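Subject: Structure handover

Hello,

Please find the structure below. My notes on it come after.

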Amino acid sequence: MKKIAIFCLAALFAACSSENNSTTTPPDVVTDEFIRGADMSFLPLIESEGTVFKNNNVPEDPIITLKNAGCNYIRIRIWNNPETSSSSFQEVKTFADRVHQAGLKVWLTVHYSDTWADPGHQTKPQAWQNMNLEALKTAVASYTTEIMTQIKPDLIQIGNETNDGMLWPEGRLSTNEANFKALASAGIEAVRAQSTQTKIMLHFAGMNGSDWFFDKVKDLDYDYIGLSYYPIWHGKSLSDLMQTMNTLGGLYNKKVVIAETAYPFTLGFNDFTNNIMGLTSQLIPAFPATEAGQSGFMSTIYNTVNQSSHGIGFCYWGAEWVAFRGNTASNGSTWENQALWDFNNDALPVMTQFRDRN
């Protein structure tokens, strides 16, 4: 599917006579580029603690490694006022500048929380705790405007894994549908007011229930449907994934992105922090937990999205989350066996799956 261009057709008329020698300048062409992304949100923290990433056993900026492999978007989460600098506004702004300077695009995941927002947790920022709906709408609009003017993302998520809305309880979708839509609209309108180019995504974790969610938000002004797909949580059928993408994309006339996915290259571990994946039963049988299996899984993800009638890209989550605090740390990484760098922090063969196939 390729790079899909939406052409704004405009005629250029040049007069052949002396009476009319004017021309009409065509408007900008708006292009939907196939997204080959990696979430690198932990990178500033990991680098601050001394970790050096390598490519072919030679130290290399991991953003450059990804860029040279074919990655074109770096996904970064942002928290409102976290306890530490990790995922804070200033850290994300600095990181986003680095990504843009490297020639990649920034995909920003706005959690509208001081910490992780997910299907089971959508906690309002502490500073917003006592706000009523109108005040929350104003806060969302103001915060999103600040993000747009200072960080300038190319793609922005209004919320993260908003299966049941955000900013609970006021914005809980199952109990306060109108409120959630009003809050999401406040963020969307703030984006549109600042940029005609930034793409807007709404994000649902998984497939089960995604039809309910996207039917609820069908009247909102957004560009991309975002879905998470992890075999451990969302089933082992890639054909179901494609069917879901095609169904949702067709029903709501949207492009669909696999906003999060990952797969292990081993079931081993490199620190004393329990890993999310460590059992053979958690795997798709066709893809063992080996370097080749990880690469094969991502190749199939790429093909699934590429062959979907509505697919427009994917993003690898936890790409950088190696065991950065040493091999005896109990507060290190739950994901080092699913990272894109091995236990020696050297780039894995799966990197080749970011190359452009279109």
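What follows covers the barrel, one of its strands and the nonpolar cores.

This is a predicted model, where local features need pLDDT of at least 70, side-chain atom pairs count only at pLDDT 80 or more, and totals for chains, interfaces and linings use all residues. Residues are numbered from 1 along each chain as its sequence is written, and side-chain values use heavy atoms, without hydrogens and water.

Eight strands form a closed barrel in the order β3-β6-β7-β8-β9-β10-β11-β12, with parallel pairing (pairing takes at least two DSSP bridges between two strands; strands are DSSP E runs of at least two residues, helices H or I runs of at least four, numbered from the N terminus).

Strand β10 (residues 224–228) is joined to β9 (residues 199–205) by five parallel bridges, with Met 201 opposite Tyr 224. On its other pairing, β10 runs parallel to β11 (residues 255–261), again over five bridges, and Gly 226 stands opposite Val 257. Five of the five residues of β10 are buried, so the strand is largely enclosed by the rest of the structure (buried: under 20% relative accessible area, 1.4 Å probe, protein chains only). Tyr 224, Gly 226 and Ser 228 lie on one side, Ile 225 and Leu 227 on the other.

The largest nonpolar core has 93 residues; Met 40, Leu 66, Ile 74 and Phe 214 touch the most other members (a core is a set of buried Ala, Val, Leu, Ile, Met, Phe, Trp, Tyr and Cys residues joined through side-chain atoms within 4.5 Å). Apart from it lies another core of 10 residues, including Tyr 73 and Trp 107.

Regards

Definitions and conventions:
Buried < 20%, exposed > 50% of the residue type's maximum accessible area, 1.4 Å probe, protein only.
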